[in-house]
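Hi everyone, thanks for coming. Let me put the structure up on the screen, and then we'll walk through it together.

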Amino acid sequence: LKDTALPAGYALRRVDVKDLASYRALFRKVGEDLMWFSRLIMPDEKLATILGHPQVESYALYHGGTAIGLLERVCRLLPTGDLRRIALLAELGAALIESGRLAEAGRVLDEAERLAAAADDERLASHALVQRQFLRLFLGEGLEAAAAAAARVIPVFERLEDDVGLCHARRLEAWVCFNEW
């Protein structure tokens with residue numbers, strides 16, 4: 001963040017995270033109107049562990065000498081086999097599709113599908129499949145494949161009580177219906 005250009009009157013300063021009382025005071029000042037509370041009620045040991053991690057950086061944004069923002073940047077990646085990483089890759093694929101970065105979305109979904117298969121995780125594979133079908137629809141391909149995929153994953157999401165997955169699958173189903181007309 002050293003090379004970040006800010007408008008005149010603004011400054012970004014590293015926060016001393018060793019002083020938990022000062023950090024919490026800053027957190028309260030910046031986040032009170034936004035109803036931030038998580039770091040205020042978190043036990044000291046847990047907060048110190050998070051903030052003291054070598055791959056976590058905390059910065060305060062100042063304007064005219066007054067703190068107006070707080071930024072925590074995590075510089076670590078989830079391990080390849082971590083199921084959370086696979087879930088995030090499917091979501092990243094969706095975001096890339098919606099932003100029109102279709103080639104990148106394809107590469108990200110390739111990785112999500114490969115990792116979900118390696119983990120033998122039906123839920124994550126279903127999430128990746130839904131996003132793959134959205135990509136195919138954006139590329140002008142596969143209405144029938146998208147309909148079949150939706151029909152296949154809806155029972156999976158229902159059985160696993162995955163409401164987010166079910167929402168994505170129903171959205172895919174709606175896209176298929178809309179585009180068949």
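Let's start inside helix H7, where you will find Ala-150. A quick word on naming: helices (H or I, at least four residues) and strands (E, at least two) are DSSP runs, numbered from the N terminus. Before going further, please keep in mind that this is a predicted model, so local features need pLDDT of at least 70, side-chain atom pairs count only at pLDDT 80 or more, and totals for chains, interfaces and linings use all residues. Residues are numbered from 1 along each chain as its sequence is written, and side-chain values use heavy atoms, with hydrogens and water left out.

Back to Ala-150: is this residue buried or exposed? It counts as buried, because its relative accessibility is 1%. For the cut-offs, buried means under 20% relative accessible area, exposed means over 50%, and partly exposed is in between, using a 1.4 Å probe and protein chains only. Setting aside residues up to four places away in sequence, Ala-150 touches Ala-169, Leu-172 and Glu-173, where contact means heavy atoms within 4.5 Å.

A nonpolar core here is a set of buried Ala, Val, Leu, Ile, Met, Phe, Trp, Tyr and Cys residues joined through side-chain atoms within 4.5 Å. The largest one has 27 residues, and the members touching the most others are Ile-97, Val-130, Val-153, Phe-157, Ala-169 and Leu-172. Which helices supply at least two residues each? They are helix H4 (83–98), helix H5 (102–119), H6, helix H7 (143–159) and H8. H6 gives the most, with 7 residues. Another core, of 14 residues, lies apart from that one, and Val-17, Leu-20, Met-42 and Ala-60 are among its members. As general background, nonpolar side chains tend to be buried together in soluble globular proteins. If you want to zoom in on Val-153, its contacts are Ser-126, Leu-129, Val-130 and Ala-169, not counting residues up to four places away in sequence.

Next, a look at strand S2 (residues 56–63), which contains Ser-58. Ser-58 counts as buried because its relative accessibility is 2%. Leaving aside neighbours within four places in sequence, Ser-58 has contacts that include Arg-13, Val-17, Tyr-23 and Glu-72.

On to the rings. How many aromatic pairs does the structure hold? There are 4. Rings of Phe, Tyr and Trp (its six-membered ring) pair if their centres lie within 6.5 Å; planes under 30 degrees apart count as stacked, over 60 as edge-to-face and the rest as tilted. Phe-138 and Trp-175 make a tilted pair, at 5.3 Å centre to centre and 35° between the planes. Phe-138 sits in helix H6 (residues 122–138) and Trp-175 in helix H8 (residues 163–180), so this pair ties together parts that are 37 residues apart in sequence. Phe-138 counts as partly exposed, at 38% relative accessibility, and so does Trp-175, at 30%. Elsewhere, Tyr-23, Phe-27 and Trp-36 form one aromatic cluster.

Two arginines also lie over ring faces. Arg-13 is over the face of Tyr-62, at 4.3 Å from the ring centre, and Arg-171 is over the face of Phe-134, at 4.6 Å from the ring centre. The rule is that NZ of Lys or CZ of Arg is within 6 Å of the ring centre and within 35 degrees of the ring normal.

What about disulfides? The structure holds 0 of them, a disulfide being a pair of cysteine sulfur atoms within 2.5 Å. The sulfur of Cys-177 has its closest cysteine sulfur in Cys-167, 15 Å away, which is too far for a bond.

Now for two loop residues. Met-35 is in the loop between helix H1 (20–31) and helix H2 (38–41), and its phi is near 60°, a positive value in a residue other than glycine. Glu-161 is in the loop between H7 and H8, with phi near 55°, again positive in a residue other than glycine. Met-35 is exposed, with a relative accessible area of 68%, and Glu-161 is exposed, also with 68%.

Finally, confidence. pLDDT is the predictor's confidence in each residue, from 0 to 100. The chain has a mean pLDDT of 90, and 95% of its residues reach 70 or more.
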